[in-house]
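Here are a few notes from my pass through the model. Have it open while you read.

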Amino acid sequence: MTADVAKLGPMLRTWRGRVSPDAAGLPGGRRRRVTGLRREDLAELAGISVDYVVRLEQGRHVTPSAQVTAALARALQLTDAERDHLYRLAGLAPPGGGEISDHLPPGLHRMLNRLGDSAAAVFAADWQLIWWNHCWAALLGDPSSTPPALRNFARDTFPADGAAPRLSHWPVTSLSRPDVEASVVSDLRRATGRFPDSERLAGLIRDLAAGSSRFAELWASGAVGAHREDHKIVQHPATGPIAVDCDVLGDGDAERKVVVLTAAPGTEDETRFRRAVSMAMSSPLATP
């Protein structure tokens, strides 16, 4: 499939102009001359450089990879049809129906942006992290510094060869780790029924089974289910330990997981959580 760089740039500018900073979850207080997203905003949200956005919009014979195209579609809050059009303009085949989707539809974006000060993130059906807000980054550390391929909760839950967690920058302790391990495995098994032709999911399961005896043991049990809640202690380096409730909400047939971390109201944990967010908001944090 041949890329159409002459049309790609104008479409990106059009889509960028219709997304408000508030709808994108960007913090207020930024001076701007445009009603939509600036190039700097799109670069921050998609995790790419401003120069790369400029070259794309100017049609300077730059064609984004599938990973960058998916990030642009999420940042621009495209519908499924618009996302597929973006892929074709980039010279890529749109994601097939049998593969796991990393796309966030506009309705889900709106819901996420109304969660207020909660720490929230979205994971794909294979527990690949695909979106997070500023509060999530403030609580656990900014995931943008971790290579995208390693932003996977299942890989963190069952690390191969003693690898360190990648989704948090400081220690996070689950108060019910055996239950979490079992529920993540059963959730992945359920995903194989929904996405039987997903090479990405099959590859993840092969990697986990080969690298973790615990995963292989649980996978052999054949359980099917979903991960829905947990309680965690975040050892935040600036505020001290923060106890949070972890709730996992499902998102229809796409099997996306919306994970929300909250501290109990009126507690010292809530005070520490708000302090961590306040400190982080004083410096720019990336949101895909």
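1. Val54 first. With a relative accessible area of 16%, Val54 is buried, because the cut-off for that label is under 20%. Bear in mind that this is a predicted model.

2. Where does Val54 lie? Val54 is in helix H3, which covers residues 50–57. Not counting residues up to four places away in sequence, Val54 touches Arg39 and Arg60. Val54 and Arg39 are 15 residues apart in sequence, and their C-alpha to C-alpha distance is 7.3 Å.

3. On to His236, found in strand S4 (residues 229–236). His236 counts as buried because its relative accessibility is 8%.

4. Which backbone atoms does the His236 side chain reach? One is the backbone nitrogen of Ala238, at 3.1 Å. Another is the backbone oxygen of Ala138, which lies 3.0 Å from a polar atom of that His236 side chain. Leaving aside neighbours within four places in sequence, His236 is in contact with Ala138, Leu139, Trp170, Ile242 and Ala276.

5. Now the second largest pocket, with a volume of about 490 Å³. The elements giving two or more residues to its lining are helices H7 (134–140), H8 (153–157) and H9 (177–194), plus strands S3 (172–174), S5 (240–251) and S6 (256–262).

6. What lines the second largest pocket? There are 23 lining residues, and Phe153, Asp156, Ser168, Val172 and Lys232 lie nearest the centre. By class, the lining has 15 nonpolar, five polar and three charged residues.

Technical notes. Residues numbered from 1 in each chain as written. Predicted model: local features only at pLDDT ≥ 70, side-chain atom pairs only at ≥ 80, totals over all residues. Heavy atoms only, no water. Helix = DSSP H or I, 4+ residues; strand = E, 2+ residues; numbered from the N terminus. Buried < 20%, exposed > 50% of the residue type's maximum accessible area, 1.4 Å probe, protein only. Polar contact = N/O pair within 3.5 Å; in protein donor to acceptor, adjacent residues only side chain to side chain. Contact = heavy atoms within 4.5 Å. 1 Å grid on protein atoms, 1.4 Å probe; cavity = no way out; pocket = protein on both sides within 12 Å on 5 of 7 lines; lining within 4 Å. Points joined across faces, edges and corners; volume = space filled by probe spheres on them. Nonpolar A, V, L, I, M, F, W, Y, C, P; charged D, E, K, R; others polar.
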